[in-house]
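Here is a short briefing for a first look at a protein model. Please keep the sequence and the 3D view open while reading.

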Amino acid sequence: MLNILRIILAVIVIAISGYGLITNDKELQPFMLLSLGALMFVIGINELKKDKKGIWGYLSIAIFAFTWFTSIQIFLPY
């Protein structure tokens with residue numbers, strides 16, 4: 001289930017960022033950051049489920065928190 005979700009999120013991130021690069025449109029960037037954060041969260045959960053003692057799972061979840069905080073700050077008005 002997590003692998004399918006990871007592939008779907010990766011395709012969404014690549015599609016939105018590719019569209020932004022081709023059209024030079026920056027309006028979809030917060031949505032790309034939200035999708036990228038969700039992708040990093042799924043990768044982190046997947047790494048933690050593997051029961052490895054490495055830091056990559058926790059680092060991915062920290063990156064998820066940072067990207068979501070950043071994208072939410074972009075959405076909120078000043």
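Which pattern does the protein follow when read along the sequence? The pattern is α-α-α. The model is predicted. Its secondary structure comes to three helices and zero strands.

**Overall form**

- The C-alpha trace spans about 40 × 30 × 15 Å along its principal axes.
- The protein has 78 residues, and 26% of them are buried.
- Take the contacts between residues at least 6 apart in sequence: 58% of these join residues at least 24 apart.

**Surface and charge**

- The accessible surface comes to about 5,800 Å². Carbon and sulfur atoms account for 73% of that surface.
- There are 6 positive and 4 negative side chains. The centres of these two sets lie 12 Å apart.

**Confidence**

- The average pLDDT of the protein is 89. A score of at least 70 is reached by 96% of the residues.
- Among the elements, helix α1 (residues 2-23) has the highest mean pLDDT, at 94. The lowest mean belongs to α3, at 88.

- How many aromatic pairs does a search of the whole structure find? The search finds two.
- One of them joins Phe41 and Phe64. This pair is tilted, with 4.7 Å centre to centre and 45° between the planes.
- Why does this pair tie together parts that are 23 residues apart in sequence? Phe41 lies in helix α2 (residues 29-49) and Phe64 lies in helix α3 (residues 56-75), so the pair links those parts.
- Phe64 also pairs with Trp68. That pair is tilted too, with 5.3 Å centre to centre and 55° between the planes.
- Phe64 and Trp68 both lie in helix α3. They are four residues apart, about one turn of the helix.

- Ser17 lies in helix α1. Ser17 counts as partly exposed, at 29% relative accessibility.
- Ser17 and Phe31 are 14 residues apart in sequence. In space they are 9.6 Å apart, C-alpha to C-alpha.
- Asn46 is found in helix α2. Asn46 counts as buried because its relative accessibility is 16%, and buried means under 20%.
- Which residues does Asn46 touch, leaving out those up to four places away in sequence? Asn46 touches Leu2, Asn3 and Arg6.

**The loop between α1 and α2**

- Asn24 is found in the loop between α1 and α2.
- Asn24 is exposed, with a relative accessible area of 58%. The cut-off for exposed is over 50%.
- Phi of Asn24 is near 60°, a positive value in a residue other than glycine.
- Most residues other than glycine have a negative phi.

Note on methods: Residues are numbered from 1 along each chain as its sequence is written. This is a predicted model: local features need pLDDT of at least 70, side-chain atom pairs count only at pLDDT 80 or more; totals for chains, interfaces and linings use all residues. Side-chain values use heavy atoms; hydrogens and water are left out. Helices (H or I, at least four residues) and strands (E, at least two) are DSSP runs, numbered from the N terminus. Buried means under 20% relative accessible area, exposed over 50%, partly exposed in between (1.4 Å probe, protein chains only). Contact means heavy atoms within 4.5 Å. Accessible areas come from the Shrake-Rupley method with a 1.4 Å probe; for residues, only the protein chains shown count as cover. Lys and Arg count as positive and Asp and Glu as negative; His and the chain ends are not counted. The place of a charge is taken as NZ of Lys, CZ of Arg, CG of Asp or CD of Glu. Rings of Phe, Tyr and Trp (its six-membered ring) pair if their centres lie within 6.5 Å; planes under 30 degrees apart count as stacked, over 60 as edge-to-face and the rest as tilted. pLDDT is the predictor's confidence in each residue, from 0 to 100.
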